[in-house]
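Student: I am new to this structure. Can we go through the terms used for it, one by one?
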Amino acid sequence: AMKVEISITDRQRILDHAASSRDEVCGLLLGDAGEIARVRPCANVSDTPARRFELDPAALIAAWREGRGGGPRVIGHYQSHPTGDARPSATDAAEAAADGAIWIIAAAGQVMAWRAVVAGAVHGRFDPVALIVVAG
């Protein structure tokens with residue numbers, strides 16, 4: 001299985017953000033293929049934030065621009081599932097492009113990582129990714 005590293009600090013940032021709202025929260029994962037170098041909380045601009053998320057497009061464009069300018073690249077994003085299941089939902093699968101992006105889902109105090117791919121093991125769209133928590 002694919003592996004990706006995240007610092008214990010950034011993992012906690014995701015959990016804290018998830019715990020801060022009854023709605024779904026979301027943010028960007030910045031880094032490279034095997035390592036999340038930074039997490040950046042973003043606004044959920046969805047009309048139905050209790051059930052789905054939509055990343056703030058301005059934040060996404062800014063992050064892409066920084067990546068092109070030599071900063072860490074956008075490698076995926078995180079979201080929370082207030083219902084308490086850290087596995088991707090059918091809704092997530094329907095809205096996910098099979099672009100290889102990393103999805104981290106936080107729920108009930110845990111985080112799980114997934115990769116959006118063609119013919120994934122979960123809902124035909126996601127393969128599990130081993131999340132390696134490192135110091136920092």
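Tutor: Start with the aromatic pairs. This is a predicted model, and a search of the whole structure finds 2 of them.

Student: What makes phenylalanine 53 and tryptophan 103 an edge-to-face pair?

Tutor: Their ring centres are 5.9 Å apart, and the cut-off for a pair is 6.5 Å. The planes stand at 80 degrees. Phenylalanine 53 sits in the loop between β3 and α2, and tryptophan 103 in strand β5, 50 residues apart.

Student: Why is the pair of tryptophan 103 and phenylalanine 126 called edge-to-face?

Tutor: The centres are 5.0 Å apart and the planes make 70 degrees. Phenylalanine 126 lies in strand β7. Ring pairs link Phe53, Trp103 and Phe126 into a cluster.

Student: How do you know whether tryptophan 103 is buried or exposed?

Tutor: Its relative accessible area is 6%. Buried means under 20%, so tryptophan 103 is buried. Phenylalanine 126, at 0%, is therefore buried as well.

Student: Why does histidine 17 count as buried?

Tutor: Its relative accessibility is 18%. That is under 20%, so histidine 17 counts as buried. Histidine 17 belongs to helix α1.

Student: What makes the link between the side chains of histidine 17 and tyrosine 78 a polar contact?

Tutor: The distance is 2.6 Å.

How values were computed:
Residues numbered from 1 in each chain as written. Heavy atoms only, no water. Helix = DSSP H or I, 4+ residues; strand = E, 2+ residues; numbered from the N terminus. Buried < 20%, exposed > 50% of the residue type's maximum accessible area, 1.4 Å probe, protein only. Polar contact = N/O pair within 3.5 Å; in protein donor to acceptor, adjacent residues only side chain to side chain. Phe/Tyr/Trp six-rings, centres within 6.5 Å; stacked < 30°, edge-to-face > 60°.
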